[in-house]
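We will go from stop to stop, with a word on what to look for at each one.

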Amino acid sequence: MSDDAMQSLLCLAPMLNLVIAGLVVLVGEARSPRHAARGWMSAFTLLAILLSFLEVIVIGSRIEGFGVEVFSSLGSVDPLSLFLSGSVLSFTAVVVIASRDTLLRHGLERGEYYALVSFAAAGAIVMVSTSHLFTLVLGLEVMSLSLYALAGYFRTDARSVEASLKYFLVGSFASGFLLFGLALILGGARSLDLRAVAAAFLGGGEDAHSLLRVGSGLLLVGFFFKTAAVPFHMWAPDVYDGSPTPVTGLMATGVKVAAVGAFLRVVLVGLAPARELVSGVFFWVAVATMVGGNLLALGQGRVKRMLAYSSIAHVGYLLVGFAATGAGSATAPAAVLYGTVAYATASFGAFAVVAFLETRSGAPLAFGDLHGLSRRYPFLAAAFAVFLLSLAGIPPLFGFLGKFYVFGSAIGIGMEAGDGSLVVLAVVGVASSLVGLGYYLRALVAAFLKEPDGAALDFRRVRGGVAAALAVAAAFTIWFGLGPAVPFGVSDLWDVAVRAVAPLR
Amino acid sequence: MTASLSLVCLLPLLGAIATVLLPTSNPRTIRLFSTGVSALVFLAALPFLGAFDGASGRLEFEESASWIPAIGVRFHVGLDGLSLFLFLLVAFLTPLSMAAATRSVKSRHQEFAACFLLLESGLLVLFAAADVFLFYVAWELVVVPMFLLIGIWGGRERQYATQKFVLFTVAGSLPMLLAVVALLWLRRSADPSATSFDFSDLAGLAVDPGTRRLLFLAFFVSFAVKVPLFPLHTWLPPAHTEAPTAGSIVLAGLLLKLGGYGFLRVSLPLFPVEAAAAAPWIAILALAGILGSALAALVQSDLKRLVAYSSVSHMGLAVLGVFSLNAVGVAGSIYLMLGHGLTTGALFLLVGMLHDRRHSREIADFGGLARKMPLFSAAFVFVALGSIGLPGLCGFVGEFLCLAGAFFRSKWTAAVAVAGVVLSAWYLLRASGATLFGPIGPENEKNEAMRDVDSREVLVLAPFVAMILVLGVASKPVLARIEPAVSVLLETMRDGSERAASLRSPR
């Protein structure tokens with residue numbers, strides 16, 4: 001094999017691992033006797049994810065500077081893709097760990113679950129490791145299809161099936177927007193490579209420009225659908241609420257990181273010359289998303305639904321970073337990456353706690369079920385508090401720094417360019433954070449201040465794996481929030497994020 | 001020989017972690033351990049008083065470590081004349097409050113102790129912070145343990161009270177976040193190689209007047225909610241009333257001082273022009289607070305609520321002192337805050353003792369206690385007089401200096417403020433009279449069974465009484481340490497104003 005092909009294959013290794021692991025789990029389970037032990041599936045999947053992660057690190061140590069192009073520029077492995085791949089893999093791993101309890105309680109631990117999760121992660125990795133729009137959509141579709149199936153994994157639960165169908169229909173609709181946008185961009189730029197798109201924005205004639213503008217607009221709409229920005233968010237609460245909670249955890253973490261990261265690349269590279277278009281669009285969508293997500297969360301009675309709206313609101317905060325990127329901020333892209341990882345860490349923790357509590361109650365978790373949590377499960381409640389406070393943006397936690405960097409970059413570029421709209425964005429962001437505190441406070445009050453009324457959840461120890469995953473997530477939330485001179489604290493992750501986007505500027 | 005300042009600040013935090021990990025659930029052991037830790041912190045903090053020079057008016061005992069190089073903030077702590085005594089007040093009040101909590105905290109002792117110690121750490125860091133970002137982080141951080149303290153161990157309306165407290169406080173401090181970010185950006189664009197983000201660095205920033213005004217407003221809102229300044233004070237009565245005794249002592253004795261300290265640390269030195277321009281309006285709000293709260297205290301039937309309103313009233317006077325913008329007023333405000341911490345803390349302590357015995361805070365339920373509880377009554381009257389401002393006790397020095405400072409600025413303001421002092425005498429003495437004196441008749445015969453203060457309560461009360469007296473007579477050494485820092489502050493303000501004036505008229 002030629003050197004190039006070898007290199008391409010090696011760069012694909014993380015993704016290939018996951019695909020192969022998924023297939024092995026599928027076939028292996030099909031061939032094993034009906035009542036054989038199934039514990040090996042999650043361990044095997046975890047091993048595969050760990051292997052992929054190691055490969056990501058190895059590749060990262062070997063590529064320099066701008067990274068490599070593989071498969072005639074259809075794929076692109078650079079610091080950004082490695083950062084995102086690593087994040088996706090980490091979150092997928094902890095989701096797998098936290099899934100077992102829920103699956104076992106429903107008696108549904110099957111190979112398909114782990115295979116689909118592996119495939120979703122593989123699709124996510126493809127999605128982030130490319131500078132070519134077609135590959136991006138390909139990866140997005142692979143990831144989304146896996147998730148459509150995962151959302152409906154609890155086949156006998158009407159809400160899960162409903163979630164899956166809704167997700168599938170809206171997701172396909174959104175993909176339609178994406179593909180139509182791609183077609184127009186192809187027409188305008190003669191190529192789907194992001195750099196060619198950027199060149200076409202700069203050069204190119206009037207016709208090309210109008211095609212590109214409409215195409216980019218449709219592309220952005222597709223992106224907003226996929227990340228559940230307002231007003232394209234209608235599907236998210238139902239889907240998040242109806243899906244099995246570990247799947248929701250995956251949606252809120254790995255999928256978010258991949259989607260935001262991939263589109264950050266699109267905005268940074270492909271849409272870079274189209275500053276005003278991008279900045280203007282993101283401004284309005286960010287405002288609508290932050291305000292809408294936070295206000296709608298206030299009235300929710302189910303914890304998962306509240307977390308879904310909080311997820312929408314957080315996308316709004318990240319969109320502020322996108323708007324700042326569009327306005328030319330140098331720190332905004334790294335801030336978006338940092339903020340996404342910060343959000344995903346705390347979000348995973350919150351969903352994992354909800355998943356565990358639901359295995360105890362057997363029903364969707366309502367705020368009333370949280371009563372007395374701090375007495376029954378003190379450490380779980382403490383971890384839950386850490387996650388909620390991080391999401392609310394209370395220092396010195398990870399989530400606070402994420403918001404700090406994002407709003408900071410918006411204010412920074414706003415003051416530098418004399419552009420008041422970005423400062424307004426930061427003000428709206430901060431004000432809607434206050435609203436956000438309202439519903440996080442409600443959950444905290446329920447968990448810490450209220451006594452259990454009537455039937456308290458029967459106590460069972462938090463299983464080792466889940467406890468470990470929660471402990472790690474909580475530790476990271478605090479660690480990254482503090483990180484002074486400690487190794488690999490906040491500064492290091494920020495540097496990693498900065499270096500991830502550096503080649504693209 | 002002083003210990004490291006950062007270590008003293010973080011010692012309560014370590015104590016909190018240790019308390020949580022203690023393998024015992026015996027309340028007595030937990031209490032002893034945690035009170036011991038806070039007492040240790042006080043002993044460690046005491047040498048700072050002796051070693052403090054204060055002549056330069058600048059930060060002493062400084063320690064600085066790189067924190068987030070990406071944005072140039074450092075973990076920079078130090079004490080100067082403005083913060084030294086408030087720092088010591090934190091170390092002083094915490095062990096006493098924890099010792100006082102014995103009767104009122106009936107469950108979840110480990111969490112209570114951990115919350116309290118975490119709160120102490122946050123407050124110590126806040127007063128010692130020399131870096132703006134660290135200041136902000138500590139500011140937000142102290143809300144969390146307070147939320148739990150009021151919400152879990154508080155009275156009947158505790159959930160409402162604590163939610164109102166959190167929402168008000170965070171609503172106030174979020175503008176401060178934006179202001180901190182903006183200041184950060186301004187500093188870095190003025191000096192890209194800057195590696196520190198201290199208050200002193202920010203004093204010299206050149207900012208256009210419109211932005212300055214917004215920044216001043218953002219910080220002002222945050223501090224005004226905490227102080228609390230009328231009309232942002234409505235969170236305070238429920239929070240103080242519903243908090244457990246120890247929580248009230250810390251809330252009134254320490255957390256309210258954060259607002260006043262914030263004005264002195266941030267608003268005045270960084271935004272002198274805006275502070276001067278806003279001073280008349282702030283004075284009006286302060287007066288409204290002084291008089292309104294005093295009048296509200298007058299009609300209270302709940303003792304704790306009465307003390308809460310008296311807190312608002314006194315802090316209004318402190319704000320008046322701060323915004324008199326002269327040496328006398330500013331020094332007075334610090335002294336008043338110190339004295340108020342002691343007197344209000346003692347008042348809440350005493351009311352808590354009553355509550356422990358009768359589970360009631362209504363004045364009507366008491367009366368004639370002087371006969372049954374002579375020591376208690378003596379202490380009550382003493383502390384009340386200290387709060388009113390009887391010369392010779394701590395309240396007088398602070399109140400007099402604040403009023404004098406206000407008088408130098410505006411005679412009418414001071415004249416109206418004096419009415420507040422008179423009113424405080426009225427409601428406090430009236431409350432003392434109704435509670436302690438008079439006969440024990442058929443309506444309150446339960447008071448026959450009231451026990452006087454036992455040895456443990458005396459142990460907790462005595463330091464308060466002693467310090468109220470000491471600060472009343474030995475004001476000179478305290479003021480000697482405060483005044484140089486106040487001069488430096490005013491000098492910074494003068495420089496700032498001159499710079500702003502020269503920017504405005506370059507021709």
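How many salt bridges does the count come to over all chains? Please keep in mind that this is a predicted model. Over all chains, the count comes to 15 salt bridges.

**Stop 1: a salt bridge**

Select A:Arg302 and A:Asp241, and show their side chains: they meet in a salt bridge, with 2.4 Å from N to O. The two residues sit 61 positions apart and link distant parts of the chain. You will find A:Arg302 in the loop between helix 11 (275–298) and helix 12 (303–326) of chain A, while A:Asp241 belongs to helix 9 (residues 235–242) of chain A. As background, side chains of opposite charge can pair when their charged atoms come close.

**Stop 2: where the chains meet**

Now colour chain A and chain B separately and turn to the contact between them. How many residues does the contact take from chain A and from chain B? It takes 37 residues from chain A and 37 residues from chain B. Together the chains bury about 3,100 Å² between them, and 80% of that is on carbon and sulfur atoms. Next, pick A:Phe404, A:Met415 and A:Leu449, which supply 21% of the area that chain A buries against chain B, more than any other three residues.

**Stop 3: a nonpolar patch**

Switch to a surface view and select A:Leu9, A:Leu16, A:Ile20, A:Val24, A:Trp40 and A:Phe44. These form a nonpolar patch on the surface, with about 460 Å² of accessible area together. Helix 1 (3–31) and helix 2 (39–62) of chain A each give two or more residues to the patch. The largest share, four residues, comes from helix 1 of chain A, and A:Ile20 is found in that helix.

**Stop 4: backbone details**

Most residues other than glycine have a negative phi, and most peptide bonds are trans.

- A:Val230 and A:Pro231 are joined by a cis peptide bond, with omega about 5 degrees; A:Pro231 is in the loop between helix 8 (206–227) and helix 9 of chain A.
- B:Phe230 and B:Pro231 are joined by a cis peptide bond too, with omega about 0 degrees; B:Pro231 lies in the loop between helix 9 (209–226) and helix 10 (236–242) of chain B.
- A:Arg190 has a positive phi, near 65 degrees; look for this residue in the loop between helix 6 (158–189) and helix 7 (194–202) of chain A.

How values were computed
Residues numbered from 1 in each chain as written. Chains lettered and ligands numbered in written order. Predicted model: local features only at pLDDT ≥ 70, side-chain atom pairs only at ≥ 80, totals over all residues. Heavy atoms only, no water. Patch = residues over 30% accessible without salt bridge, like charges linked within 9 Å, V, L, I, M, F, W, Y side chains within 5 Å. Areas by Shrake-Rupley, 256 points an atom, 1.4 Å probe, with all protein chains shown as cover. Salt bridge = Lys/Arg side-chain N within 4 Å of Asp/Glu carboxyl O. Contact = heavy atoms within 4.5 Å. Buried area = accessible area lost by both parts, 1.4 Å probe.
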